[in-house]
Amino acid sequence: MKQSVISGIKSICKIITVLLLLSGCSHKQTATQENNRQIVVSIEPLRYFVEQVAGNKYKVENLVPEGADPENYDPAPAQLIRLSNARLFFKVGQLGVEEIWKKSIEEIAKNVIVVNTSEGFESPFSEKEEEEHIHHDHGHTHGGKGDPHIWSSVGGARTIAANIKNALIKTYPADSILFEENYNKLTSGIDSVEITLTEILSPVKNKSFMIYHPSLTYFAEEFGLEQLPIEADGKEPSPKQLKELIKTARNENVKVIFVQREFDIKQAETIAKEIGITPVEIAPLSYDWGQEMIHIAKSLAQ
């Protein structure tokens with residue numbers, strides 16, 4: 001409770017700091033809102049998708065740098081000031097940093113158009129199954145609206161790309177032809193990645209893999225895999241739970257354990273050592289979406 005209050009006070013202080021800095025700025029806008037080509041995104045994969053559709057005429061920045069935990073990242077005042085000067089802000093939907101700073105963004109960046117890139121995403125799970133995945137895999141509900149890691153799937157990538165294209169056309173209609181052309185190239189690339197993933201994963205007989213933070217839920221479902229998260233209710237597993245995870249890894253004949261640099265890898269290393277394998281580092285938050293998806297698939301196939 002005390003930590004929550006302290007966090008709230010820090011957030012309020014940061015908002016006040018940003019507002020003071022904004023009110024003290026004497027610079028004049030060099031362009032109208034319609035010509036403002038500044039775009040901000042929440043994470044690196046979104047920067048990739050936006051840049052593919054928008055092209056090099058638009059400047060795209062992200063709030064959460066690669067390697068930082070998007071569930072708990074605290075944007076700096078300078079980042080929020082850049083956001084306040086942007087025309088568009090693309091978010092995943094229910095990512096931790098987006099939920100934590102939702103009110104702050106609304107207060108600081110009142111004129112920024114916020115686009116939810118997961119809008120219209122059709123989860124392969126029923127509502128009950130979705131809730132079970134959230135409870136067992138995460139232990140937190142991301143605002144009660146579902147697993148946010150849709151970019152780590154082919155279907156999610158298509159949804160994100162479509163929402164980005166539609167928002168760009170609506171905001172910058174003069175470049176609509178450019179956006180349509182770039183969007184078609186992007187979707188063609190996504191199709192190619194899907195074909196490659198299918199070719200790599202089709203021969204794989206061992207369908208189970210372990211991962212510390214369950215960010216591959218939709219990817220696993222798309223390709224008939226089973227994701228076994230190491231996190232227990234969004235927390236590090238207890239010694240008892242760790243023993244159970246080692247037992248599960250042996251029973252499921254797990255050959256791959258994924259780790260990410262955003263999270264502690266000690267438990268994953270312990271499990272890997274017990275079953276005689278080496279953890280594989282992946283980067284679902286990487287800018288190079290297609291390359292990373294193929295890296296994950298190849299790691300499962302080796």
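**Briefing: helix pair, sheet, cores and selected residues**

In helix H8, Ile 190, Val 193, Thr 196, Leu 197, Ile 200 and Leu 201 meet Trp 289, Gly 290, Met 293, Ile 294, Ala 297, Lys 298, Leu 300 and Ala 301 of helix H12, where contact means heavy atoms within 4.5 Å. Please keep in mind that this is a predicted model, in which local features need pLDDT of at least 70, side-chain atom pairs count only at pLDDT 80 or more, and totals for chains, interfaces and linings use all residues. Residues are numbered from 1 along each chain as its sequence is written, and side-chain values use heavy atoms, with hydrogens and water left out. Helices (H or I, at least four residues) and strands (E, at least two) are DSSP runs, numbered from the N terminus.

**The H8 and H12 pair**

- The axes of H8 and H12 (residues 289–301) come within 9 Å and cross at roughly 5°; axes are lines fitted to C-alpha atoms, for helices over the stretch in contact, and angles run from 0 to 180 degrees between N-to-C directions.
- H8 and H12 are therefore roughly parallel to each other, a label given to angles under 35 degrees, while those over 145 count as roughly antiparallel, 65 to 115 as roughly perpendicular and the rest as oblique.

**The sheet**

- Four strands form an open sheet in the order S2-S1-S3-S4, with parallel pairing; two strands pair if DSSP finds at least two bridges between them.
- At the edges are strand S2 (59–62) and strand S4 (113–116), each of which pairs on one side only.
- On average, neighbouring strands of this sheet are turned by 25° against each other, direction ignored.
- Strands S1 (residues 38–41) and S3 (residues 88–91) run parallel and are joined by three bridges, and Val 40 stands opposite Phe 89 in S3.
- Packed on the sheet is helix H7 (residues 154–171), which touches S1, S3 and S4 and whose direction makes about 170° with that of S3.

**Nonpolar cores**

- The largest nonpolar core has 68 residues, of which Phe 90, Leu 168 and Phe 219 touch the most other members; such a core is a set of buried Ala, Val, Leu, Ile, Met, Phe, Trp, Tyr and Cys residues joined through side-chain atoms within 4.5 Å.
- Helix H8 (residues 176–201) gives this core its largest share, eight residues.
- Leaving aside neighbours within four places in sequence, Phe 219 is in contact with residues including Leu 197, Leu 201, Met 293 and Leu 300.
- Another core, of 17 residues, lies apart from the largest one, and among its members are Leu 228, Ile 230, Ala 268 and Ile 271.

**Selected residues**

- Thr 187, found in helix H8, is buried with a relative accessible area of 18%; buried means under 20% relative accessible area, exposed over 50%, and partly exposed in between (1.4 Å probe, protein chains only).
- A polar atom of the Thr 187 side chain lies 3.0 Å from the backbone oxygen of Asn 184.
- His 213 sits in the loop between strand S5 (208–211) and helix H9 (217–222) and counts as buried at 3% relative accessibility.
- The side chains of His 213 and His 149 make a polar contact (3.3 Å), meaning a pair of N or O atoms within 3.5 Å; within protein, one must be able to donate a hydrogen and the other to accept it, and residues adjacent in sequence count only if both atoms are side-chain atoms.
- Asn 253 has a positive phi of about 55° although it is not a glycine, and it is partly exposed at 41% relative accessible area.
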